[in-house]
Amino acid sequence: MEGVERALAQPHLDLPRKCFRRPVLTSSHSLAKEATSYGVEQKPDFVIVEVPPPTHGKLHKPVTGDYATWSRCPSFIEVKAKTGDIPRNRRSNNATGTLTQAADYARVIMIARPFQLYVYGLLFCGHSFVLALFDRRGVVVSKDYSIKSPEGWKNLICVLVRLLWDASPEELGHDPTVSLVQNHSYCQDYAKQYPRFQFSMWSDTRSWTTFGPPIWTYPSLLGRGTSVWRTFAPDGRAMVVKMAWRTENRMSESDIYQEIARIYNSRLDELPRGMAQFYEGRDVMYLGERISVYRLREPVGDEPAPRGFSAHLRVSQDEPNAFLHRVTFADTGKPLWEYTDISQLAKVLYMVIYAHQDLCEHGIIHRDISVGNVLIRTDVSITTNAAGEQTVTVTDREPPEGFLTDFELAKIAPTYPLTKVCVCSPVLWHNLVMTHS
């Protein structure tokens, strides 16, 4: 890989460099320590990490120390000694140990980089290799090539060129509707400041900007891939934005919130304070089309593929398609597990439990209540110093309030009203909640 880097930088080739990434041999780095927090003990043999452009020329010095982190890693390379360990792109049982291990690496990358829609892994087994694409609906594996053949060598070099030199972040799986705010980078020190991102919600020109790390990220590879962020809306208001993949044959979460509002309005009732205050939402658009798993897995049919990169990644129609969906709430909050004391926790749960009771009495069952779907309501303020630098301050609401989110799996009864629902709460007896207003 170092040889490929040096060869591409030869002056007589005059090749423009579109991106700067470096391969890192992980045996000499602390990547495994960071990975433990994501529930994986192992690490890939090589990771491809984002590096800042050099001050001169096209080559970046080798990465040293603890620079290699999962958050800087858009793709990886796994090496196995035996050719028999290579995954095959046939419809037979493909759950080899190599593929299972690689899928776990892809899962960690998507946790560390929540705007990563899919991940490429180069799996090298003996003298053969495949390119694998991991997304929220599974794994697609390319044809296997051998470096003993000229075609295999050519394709390997093409893949390395794309990974290190030529492929844009979007071509490596980054959400094309999301960009880093000016002067922010994946290369910065996350411990000092988490990068800020800006994105469009639909196909308009409005820009939303995140602040701080995500409130919550989905811990598994397969499924909805949910991430929840604090953001500033185009009008400057602090809000919460949720991003998740929705199955095509399921009612969107935005439509569910609107249907709940319709039910309450029809009965001249107010929505409970203990549920998220829906603002707007819909499927994410890019270049006039909805972002979907099948669309991202292209090329298909006779469409040309990027040179040597994804010519054998084909869409399987066995599973329903999934669309990337964003929902915004006129609310801000923090995770339930960040409560300050038992009094705050009790009052937050009190509000959420009675919101759920009220929803039930209106024929709405949440069906997915968990610790990650309850937020503690907060207030957000911004101060600007003489140098024009802004500081964002998040404070807890007083008296404490909580709200229920994630109604994607909610069930709405066809007729109203329902029989009275009795809720038994383990905190109702607690005298701390008696001061709740």
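The model is predicted, so local features need pLDDT of at least 70, side-chain atom pairs count only at pLDDT 80 or more, and totals for chains, interfaces and linings use all residues. Residues are numbered from 1 along each chain as its sequence is written, and side-chain values use heavy atoms, with hydrogens and water left out.

The protein chain contains seven helices and 23 strands; these are DSSP runs numbered from the N terminus, helices being H or I with at least four residues and strands E with at least two. Of its 437 residues, 50% are buried, where buried means under 20% relative accessible area, exposed over 50%, and partly exposed in between, with a 1.4 Å probe and protein chains only. The chain exposes about 20,700 Å², of which carbon and sulfur atoms supply 54%; accessible areas come from the Shrake-Rupley method with a 1.4 Å probe, and for residues only the protein chains shown count as cover. Contact means heavy atoms within 4.5 Å. Among contacts between residues at least 6 apart in sequence, 70% join residues at least 24 apart.

Eight of the 10 residues of S13 are buried, so the strand is largely enclosed by the rest of the structure. Two strands pair if DSSP finds at least two bridges between them. S13 is joined by six bridges to strand S12 (residues 227–232), and the two run antiparallel. In this pairing Arg230 stands opposite Val240 of S13. The hairpin of S12 and S13 has five residues between the strands, and Gly236 there takes a positive phi near 90 degrees. S13 also runs antiparallel to S17, with eight bridges between them; Val241 has Thr328 in S17 as its bridge partner.

The structure holds 26 salt bridges, each defined as a side-chain nitrogen of Lys or Arg within 4 Å of a carboxyl oxygen of Asp or Glu. One of them joins the side chains of Asp283 and Arg246 at 2.8 Å, N to O.

With Asp331, the closest N and O atoms are 2.7 Å apart. This pair links Asp331, in the loop between strand S17 (322–329) and strand S18 (333–335), to Arg377 in strand S20 (residues 374–384), 46 residues apart. Both Asp331 and Arg377 are buried. With Glu401, the N to O distance is 2.8 Å. Glu401 lies in the loop between strand S21 (390–396) and strand S22 (402–404), so its bridge to Arg377 ties together parts that are 24 residues apart in sequence. Arg377 counts as buried because its relative accessibility is 1%, and Glu401 also counts as buried, at 14%.

Asp175 sits in the loop between helix H4 (150–166) and strand S8 (178–180). Asp175 is buried, with a relative accessible area of 2%. Leaving aside residues up to four places away in sequence, Asp175 touches Phe115, Leu117, Ile291, Leu324 and Arg326. The side chains of Asp175 and Thr177 are joined by a polar contact of 2.7 Å; such a contact is a pair of N or O atoms within 3.5 Å, where, within protein, one must be able to donate a hydrogen and the other to accept it, and residues adjacent in sequence count only if both atoms are side-chain atoms.
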